[in-house]
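Visitor: I am new to this structure and would like a close look at one part of it. Could you take me through the salt bridges, and tell me where the paired side chains sit?

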Amino acid sequence: MSLRRRLLLLFALTVVVSVAAVTGIASAMARRAFDRANDERTAALVGQFRREFTRHGEDVSRKIQAITATSEGSRIAIAAARPAPDYSIFLDDAQTIATTQQLEFLEFADDRGTIISSAQWPAKFGYKESLVTPTPPTNPFLKEEETPAGPALGLFAIRTLAAGDRKLYVVGGIRLDKTFLASLELPAGMRVMLYENLDHKSFLPDHLIRAPDSTSNPQEFAPLVRQVQQSNAEASAVVHANSYGNSQSNSGDDETVNAIPLTGESNQMLGILLVGSSRKIYTELRGQIRSAAFLAAGVGLVMAVLLSSWAAARVTRPVEELAHAAREIAGGNWNARVSTTSRDEIGQLAGSFNHMTRDLLDQRERLVQAERVAAWRELARRLAHELKNPLFPLQLTVENLLRARTQGEQQFNETFQESASALLAEISNLKTIIGRFSDFSKMPQPQFQAVRLNEMIQEVVKLHQAQLSQANIACQLQLSEMWGQLPSAVLRSEVPQEQVIAADPDLLHRALSNLVLNAIEAMPEGGTLILRTRQNSSSACIEVFDTGKGLSPEECARLFTPYYTSKIHGTGLGLAIVQSIVSDHGGRISVSSEPGRGTTFIIELPANRDKLSAAQTTGV
């Protein structure tokens, strides 16, 4: 991945992560603020409910107290104080008095707990009233009351009326229903419901009392009601409006519902107050935050693209130019330069690179000049050394001729034949030396043709077969898939079909011949010479192994240096010529050797098939 794309990805990732983090923080803060405001509004509404509960309870208490002060109450009390009272005459009085006092529940009971008259259920005449105790409650309280339609939840008060040494108990109250809930002043977005917990074990939808304008599915609150029934403590939950098939609603219809248990005089849970607060404001705020986040992310991504483009112009483009210039120099173009358009660190880096390139070029020129001078000096030294050896015998021969001339014609004639032979031999030696230097100085460029390596190696071995036999050297050819030893008298003529490479057959033949001759000279007492070939679709490898005395690491390091030789009469040009030929073919030659374990020369050549014409390829 390029640096420019990395910068774009980094900037985009930074924007996305930053916007996501800010959005998450803002959403969390908004939710905490909404929950805090919701708790405050819920607490205020619960407080209002308790105040209304107290106010209605006080109103019920005043009405009950007023009943005890009426003549009807006194009459009933006096009748109840008789030894054998007839309560049947008061059967309908409770209904009449309850209607007058606007009470929904009203019962009269004597001090033995016997109900004298009941407004909500006249048939309870003669039943026992559980609230009749020596110390009845003085404050209003919740009570589950049985009615002909079933149990009902009411707000009750109880008062006593003395008649002699007897007491009359007056128990009255009002129902907690929609009318009671409608009396509450609800803030916008809130509602209140009351669940009559008269079953105490399960959720009964009919026992959920809601305000007249409140519409909802009672089953939505069933889990929360059950939770309060089990824990007998306050609980809250988010009620989703679409939980029970309301597919037309959305998250704006959700609400946070707080459930507060309501207990009776004996601390039994008789009701559950449900306070719902709409989450529409929070949902809208969250939507606005998300919209703002998407907008910020979009703007941020656009800015990231622009910023990455600017950074690419300021940073990545100079770096790319610097990398390109470095590749140019690595490829041999020492004149590559980087333009400097700024004075910052990138500009300083480009300037330093240009300065380094100039220094390298200067050092390269100086090194080339020094190597050229050293090469000429070495050439002059080697040439002088090689020419000095045959010149000294020439000088002695000429001096002998001159001395023989002074000693007479007969002596001169005898010396002349011998001296002429010596002169011709030394002149031939001089011509050989000069020819080698001349050959090395004008090595021709390879003329690429299709070449089969196995056939060429067989030709080289065949050329030197007499020398190999004379030196008592066994030659083995391991050509591609062909393994085995080549007999000294019979060469194998049939070889597997191998791939064709492009090479100069004459130069390659010369290089292999030099290596074979070196191997013969390295084994004066005989040994084994192995030639191997390995080929694939793109390259070929030739190995020449001998079992000679081997070379030291120092000798291996200098082996291909021109004019270096470890032989007494060598010029040091043989392996240098081999290396030159291999290099001109685009290959490389290396040596592996250990003293006493022989030497292996390895030639690696590219296939170079692109240098062959179609006619050459098909004609092989």
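Guide: Here is a walk through the salt bridges, pair by pair. The model is a predicted one, in which local features need pLDDT of at least 70 and side-chain atom pairs count only at pLDDT 80 or more, while totals for chains, interfaces and linings use all residues. Residues are numbered from 1 along each chain as its sequence is written, and side-chain values use heavy atoms, with hydrogens and water left out.

Side chains of opposite charge can pair when their charged atoms come close. A salt bridge here is a side-chain nitrogen of Lys or Arg within 4 Å of a carboxyl oxygen of Asp or Glu, and by this rule there are 14 salt bridges.

Let us start with Arg62 and Asp59, whose side chains meet at 3.5 Å, N to O. Both belong to helix H1 (residues 3–68), 3 residues apart, or about one turn of the helix; helices are DSSP runs of H or I with at least four residues, strands are runs of E with at least two, and both are numbered from the N terminus. Arg62 is exposed at 51% relative accessibility, whereas Asp59 is partly exposed at 27%. Buried means under 20% relative accessible area, exposed over 50%, and partly exposed in between (1.4 Å probe, protein chains only).

Next, Arg534 pairs with Glu543, their closest N and O atoms 2.6 Å apart. Arg534 is partly exposed at 47%, but Glu543 is buried at 11%.

Finally, Glu604 bridges to Arg588, with 2.7 Å between the closest N and O atoms. Glu604 lies in strand S17 (residues 599–606) and Arg588 in strand S16 (residues 588–593), so this pair ties together parts 16 residues apart in sequence.
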